[in-house]
Amino acid sequence: MTDLSGLPDFASVSPSGTMFAPLGSGSFTVLPQQLALGTNADGTPKFTLELIQRFGDFTPAGQYAVLDLSLTGDFGLDAALTAARAQSAGATVAPIAIAGGFARLFPTAGEVTPASDALAPVELGLSGQDYARWTTRLSADAGELIKGAIAGGSLLLGARVEFDVAGVAPRVAATVDFQAAQLLSALLAGRPDRTMSISDVVAAFTGPPASFPLKIAGGAVPAGDFAAAVASRLFATYATLAPAPSVSDEPFVRFADPSQLGVAVTQWDLSQPAPGRRQYVLTLDILTGLRAWVAKNGLASLVRDLTVPMLQVGTHSIDFNANLPPNRQGVAVIGANVEVAANPPSRPSSISQTVTFEEPNDSGSLQFQLSPSEQLAYTLAGFAVVAVGPDVAEYQMPPRPHTDVWVQLGADDFPVAFAHVTAAPRLLALATLDVALTYTVGGRSERLRATLNAQTSGVALALPRTATGASLSITANAIDGGATLQLPPAAPARIDLDVTAFREFGPHRVAISASLRPGDHALFLDLAPEDGAAAGATPDRIFLTADQPSATWGYVASSPFHAGYRYRTSAAQSSAAGAWSAILSPFVPLALERDGTPAALVSAAT
């Protein structure tokens, strides 16, 4: 059974609909409020447009453009943390991960009609340093239109991103029985491309239960709750995100081919946790920022015109681009083996070549000399040489047929997965991070380690897809010599860390009580956060009485490494204030004796 612990629980969504509690333990996950064009550390937009012209070749293979840009998300993590702490003391928050998605451009005015390929949906790459990467090959005409739009022409463009996220489906007290082939055939009637909008799928399970293409057992369940529970499970089990027909449509999914599914009866207990999917759409304006950048720095800073020599007759060139994470560790070589089968009698031998990918470009090119009348057809198999200490092994994916002269490869095309850890600048201004990946392969236990700091904000630790028992540990060491914090072990995945990933950071509420008896004087207390007390800031003041011997005090820790607080008896109670206490933990109630001395004193490290 799949372990769903820590995944976003779609049954526990915030009132705003932008944050999910985890199933069991783990961080609350937050949807992006908006997406934006990524930037490098020097402020340069992560955007390039290459206009490629092969000298003397006026075919689409010789004249084309490549668009490449990265997207980042604005998640509002601090506000989300405050909302999460209101639900659960010690909660942490993190950006939600994209399971899959598509991006496309669209015109925002009718003066110019872009070429159709400029508006085509493109599958997002999810392996880069940023939240998503968008890379596509375009016709030369489409490239020139986009170039003109960036330079300030009349073409106005917006961008739309459709994505889905994986989590735990909502639950209701019901059980359903169905045959998958029969169920999908009923859903997809009149839809030969097997795509449906999200609302159409939900509508199929809303209304009188007798009309549903499945059998239901259990008590009465609100129609909307039942439909949401079934649809989410269907999306995770039998569907993948598909590009919507137009930019005005809601998200669509494409279901599996019913003819490829069995006739066995499947039973789902909808009251139990199960994998689910949700879909979202965001639009963004990339043109305004790019035009402002070009006005200041020139068009050549974003757009490159490349001319390459003409190929000899019968020579075919294939360009490769790989969407891989930066700062890869544990993989000595990664690339693809390309083979063109023999074509007797004109070419009795096969042709084999290898392209390898190196940072930062992760691109390459191969050329093949074929007979003049021969069409290009080849197989491609991604490979990786994994090196951990003295252990070196090569892994390869099964070969797949191709005919394209431009190939975009993603993480799924290679026989290694990556534990990709990134850290926000404000976290690395406070600490260094020790990252360790352990796994077992071929009976050997392997361990990879890396350190993140202000100069190295991310790392991708490679492991073979055949590895078992993989676990990722992350330790944060305060630069000022303060606390060392350990995050819970995690499965290898994309992990974006900020200070909000630590329960010590942010708002805290401490329950305070005193053993006061009738007739005792009120107990006046000064309280201050650890960093506030050290800086001499004006403390907060509370008082306890025999009638009201308890209170709750709240404060905000600006650093997870100095998250404690101090208290003292206030000068309002005696001629002079008492001495400040040792640093106390925000996760332990403060119990005091009648004179203000601690009944239990717990250090911040507890």
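What is the average pLDDT of the protein, and what percentage of the residues score at least 70? The protein averages a pLDDT of 91, and 97% of the residues score at least 70, where pLDDT is the predictor's confidence in each residue on a scale from 0 to 100. The structure is a predicted model, in which local features need pLDDT of at least 70 and side-chain atom pairs count only at pLDDT 80 or more, whereas totals for chains, interfaces and linings use all residues. Residues are numbered from 1 along each chain as its sequence is written, and side-chain values use heavy atoms, with hydrogens and water left out.

Confidence is lowest in helix H8 (residues 530-534), at a mean of 70, and highest in strand S16 (residues 252-255), at 98. Over residues 602-606 the pLDDT stays under 50, and for this stretch the model has 13 contacts beyond four places in sequence, a contact meaning heavy atoms within 4.5 Å.

The secondary structure of the protein comes to eight helices and 42 strands; these are DSSP runs numbered from the N terminus, with helices (H or I) of at least four residues and strands (E) of at least two. Along the principal axes, the C-alpha atoms fill a box of roughly 105 × 60 × 60 Å. Of the 606 residues, 46% count as buried, that is, under 20% relative accessible area, with exposed meaning over 50% and partly exposed in between (1.4 Å probe, protein chains only). Among contacts between residues at least 6 apart in sequence, 71% join residues at least 24 apart.

| Strands | Sense and bridges | Bridge partners |
|---|---|---|
| S1 (residues 8-13) and S2 (residues 19-22) | antiparallel, two bridges | Val-13 and Phe-20 |

S1 and S2 form a hairpin with five residues between them, and Gly-17 in the turn has a positive phi of about 75°. S2 and S3 likewise form a hairpin with five residues between them, where Gly-24 in the turn has a positive phi of about 75°.

Tyr-565 counts as buried because its relative accessibility is 1%. The C-alpha atoms of Tyr-565 and Glu-530 are separated by 4.3 Å, although the two residues are 35 residues apart along the chain.

Note on methods: Two strands pair if DSSP finds at least two bridges between them.
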